[in-house]
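I'll jot things down as I go.

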Amino acid sequence: MSQSPNILITSVKPEDYTQWLPYWLSYQEFYKVQLADEVTAATWKRFFDENVPVYCAVAREGEKILGFAHYLFHDSTWGINNFCYLEDLFVHPATRGKHIGKKLIQYVKEKAQAKNSDRFYWHTQESNKVAQRLYNWVAEEPGVIEYRMTL
């Protein structure tokens, strides 16, 4: 695995939509979900609404986007300051192995530190062994099991 020094992590820009969308759809396909177009439109809009604490960072090599991280800040009963939740992380399969995912995580970590967050965390599926190799390298796995109830 070789790092690519030409990778820059930045906030997403409105003009990035056409590059971000195929990755967003690939991410959904990986997790075997298909979100309504209205959800995608609302998600995209949130990234640019200063009143909504949902953000998107992208990995760029020149003008080409190679991946994204979606994250948000929320209050918690487990801390005084907010928590930062990394909700989605995707790197184009052809560019994996260049530490792009690690750079995206580091970028979000720095945003969480800048907001004095008490925790930075994320989930992944048990079957996502590829991502777990990265996550086990950069973080600790606390053994939490998630349950969901249909609403």
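First entry: this is a predicted model. I started with a charge over a ring, and found the charged end of Lys115 sitting over the ring of Phe73, 5.0 Å from the ring's centre. Is Phe73 buried or exposed? I got 8% relative accessibility, and the cut-off for buried is under 20%, so Phe73 counts as buried.

Next I checked aromatic pairs, and the structure holds 20 of them. Tyr27 and Tyr31 have ring centres 5.1 Å apart and planes at 65 degrees, so I wrote that pair down as edge-to-face. Tyr27 is buried at 11% relative accessibility, and Tyr31 is buried at 18%.

Phe73 came up again here, paired with Tyr55: their ring centres are 5.8 Å apart and the planes sit at 70 degrees, so this pair is edge-to-face. Tyr55 is in strand 2 (residues 54–61) and Phe73 is in strand 3 (residues 64–74), so the pair ties together parts 18 residues apart in sequence. Tyr55 is partly exposed, with a relative accessible area of 29%.

I also noted one aromatic cluster, whose members include Trp20, Trp24, Trp44 and Phe90. Over the ring of Phe90 I found the charged end of Arg96, 5.5 Å from the ring centre.

On to cysteines. How many disulfides are there? My search of the whole structure gave 0. Cys56 is buried at 4% relative accessibility, and Cys84 is buried at 0%.

Last entry, the surface: Val33, Leu35 and Val39 make a nonpolar patch of about 200 Å². Leu35 is in the loop between helix 1 (17–30) and helix 2 (37–46), and I have it as partly exposed, at 33% relative accessible area.

Technical notes:
Residues are numbered from 1 along each chain as its sequence is written. This is a predicted model: local features need pLDDT of at least 70, side-chain atom pairs count only at pLDDT 80 or more; totals for chains, interfaces and linings use all residues. Side-chain values use heavy atoms; hydrogens and water are left out. A disulfide is a pair of cysteine sulfur atoms within 2.5 Å. Buried means under 20% relative accessible area, exposed over 50%, partly exposed in between (1.4 Å probe, protein chains only). Patches are made of residues with over 30% relative accessible area and no salt bridge: like charges are joined within 9 Å, nonpolar side chains (Val, Leu, Ile, Met, Phe, Trp, Tyr) within 5 Å. Accessible areas come from the Shrake-Rupley method with a 1.4 Å probe; for residues, only the protein chains shown count as cover. A salt bridge is a side-chain nitrogen of Lys or Arg within 4 Å of a carboxyl oxygen of Asp or Glu. Helices (H or I, at least four residues) and strands (E, at least two) are DSSP runs, numbered from the N terminus. Rings of Phe, Tyr and Trp (its six-membered ring) pair if their centres lie within 6.5 Å; planes under 30 degrees apart count as stacked, over 60 as edge-to-face and the rest as tilted. A charge sits over a ring if NZ of Lys or CZ of Arg is within 6 Å of the ring centre and within 35 degrees of the ring normal.
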